[in-house]
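I opened this notebook to keep track of what I looked up, going from the whole chain to single residues.

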Amino acid sequence: MRRRIPAVLAVLGLSALTLAGCATASSPAACARPAADTGVLDAVHVSGAPGAAQVSLDAPVFVPETVAEDETVGEGMAITSDAQDLAFSVTIVDGATGESLLSAGPQVNTVGYWREHYDGLADMMMCAREGSRVVGAVPATALSTDAAQNWGLSEDDTIVVAMDVQKVYLAAANGVPQYNDRRGMPSVVLAPGGEPGIIMPDADPPADLAVEVLKKGDGAVVTDADSIRIKYTGVTWADRKVFDSSWQKGASVAVTMNGVVPGFAQALEGQTVGSQILAVIPPELGYGAEGSGTIPGDATLVFVIDILGIDAPASS
């Protein structure tokens with residue numbers, strides 16, 4: 001009998017499945033990969049180009065806990081925390097029958113987002129690098145009860161998974177702190193996870209756009225042709241209240257230069273991945289006299305922006 005795709009995936013339309021997390025470019029020394037039992041994955045054969053994996057089995061595969069190994073080791077950034085964003089393609093088959101359960105392409109989300117229902121898949125990703133193909137086996141007990149039941153799995157069943165890690169993003173800006181001495185600018189303090197807090201000065205806002213690089217990253221330079229993956233917090237100067245924060249929403253966002261207000265785009269222009277930017281945006285480069293939503297008219301805006309990566313171009 002054909003098994004159903006878990007509801008938590010079905011809402012995505014099966015066009016994509018993604019993980020995302022926190023990464024560094026250095027060796028993930030503190031990572032703990034789920035070790036592959038001797039020979040348990042010998043019955044699994046994966047072929048096909050990256051993003052189009054095909055999985056076949058020589059024999060049924062059953063495991064009591066998640067096991068994984070890198071069939072191909074990438075050279076990109078490593079996944080080292082649940083807070084990172086990543087994009088991966090995945091092929092999943094029934095460990096007992098080899099029946100295809102899912103084949104999906106990449107979107108972007110965090111490892112933590114998927115861990116609630118797909119803990120075993122999230123474990124497979126830890127310490128993997130961008131460009132890797134990860135092959136593993138995940139017991140139904142490493143899925144949520146809802147996910148396992150919606151897939152038609154009993155607690156003794158196993159799924160076999162091939163993941164192609166196509167893009168890994170920073171969890172927060174990791175650049176070198178920079179010295180700034182402009183008077184009258186807001187100050188920024190960081191929580192342990194990187195979330196910024198903005199301390200407003202007792203002063204009038206700058207009349208013109210003011211941009212400071214708080215951390216200088218060594219990644220790629222962003223251009224007006226890019227879709228840029230960021231986290232940000234926005235405050236209005238006058239009332240000193242946060243009006244929007246991707247940190248509070250628990251996810252990064254992708255922006256383009258023509259999809260944000262002019263001052264925001266100008267603050268991003270020429271910056272590098274890994275950088276953290278402080279931008280004070282005057283009304284004429286923000287939402288003007290009309291305002292927007294909870295932002296009043298003629299508001300000066302303050303943003304702290306972490307540049308986490310550049311999205312891969314969409315396939316034509």
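**Entry 1, the whole protein.** I began with contacts, and I found that among those joining residues at least 6 apart in sequence, 77% link residues at least 24 apart. I keep in mind throughout that this is a predicted model. For the secondary structure I noted six helices and 19 strands in the protein. I then looked up burial, and buried residues account for 50% of the 316 residues. The accessible surface comes to about 14,500 Å², and carbon and sulfur atoms hold 50% of that surface.

I next asked how many salt bridges a search of the whole structure would find. The search returned seven. I reminded myself that side chains of opposite charge can pair when their charged atoms come close.

I looked at Asp 311 and Arg 229, which form a salt bridge whose closest N and O atoms are 3.0 Å apart. Asp 311 sits in the segment after strand S19 (301–310) while Arg 229 belongs to strand S15 (residues 228–236), so this pair ties together parts that lie 82 residues apart in sequence. Are the two partners buried or exposed? Asp 311 has a relative accessible area of 16% and is buried, and Arg 229, at 9% relative accessibility, counts as buried too. The cut-off I needed for this step is that buried means under 20% relative accessible area.

I then turned to Asp 244, which forms a salt bridge with Lys 249, with 2.9 Å between the closest N and O atoms. Here I wrote down that Asp 244 counts as partly exposed at 21% relative accessibility, whereas Lys 249 counts as exposed at 60%.

I looked up Ser 81 and placed it in strand S5 (residues 78–81). At 18% relative accessibility, Ser 81 counts as buried. I also noted that a polar atom of the Ser 81 side chain lies 3.0 Å from the backbone nitrogen of Ala 83.

I wanted to know where residues other than glycine take a positive phi, and I recorded Cys 127 and Asp 298. Cys 127 has a positive phi of about 80 degrees, and I located this residue in the loop between helix H3 (119–125) and strand S9 (133–139). For Asp 298 the phi is near 60 degrees, and the residue is found in the loop between strand S18 (276–281) and S19.

Methods:
Residues numbered from 1 in each chain as written. Predicted model: local features only at pLDDT ≥ 70, side-chain atom pairs only at ≥ 80, totals over all residues. Heavy atoms only, no water. Helix = DSSP H or I, 4+ residues; strand = E, 2+ residues; numbered from the N terminus. Buried < 20%, exposed > 50% of the residue type's maximum accessible area, 1.4 Å probe, protein only. Contact = heavy atoms within 4.5 Å. Areas by Shrake-Rupley, 256 points an atom, 1.4 Å probe, with all protein chains shown as cover. Salt bridge = Lys/Arg side-chain N within 4 Å of Asp/Glu carboxyl O. Polar contact = N/O pair within 3.5 Å; in protein donor to acceptor, adjacent residues only side chain to side chain.
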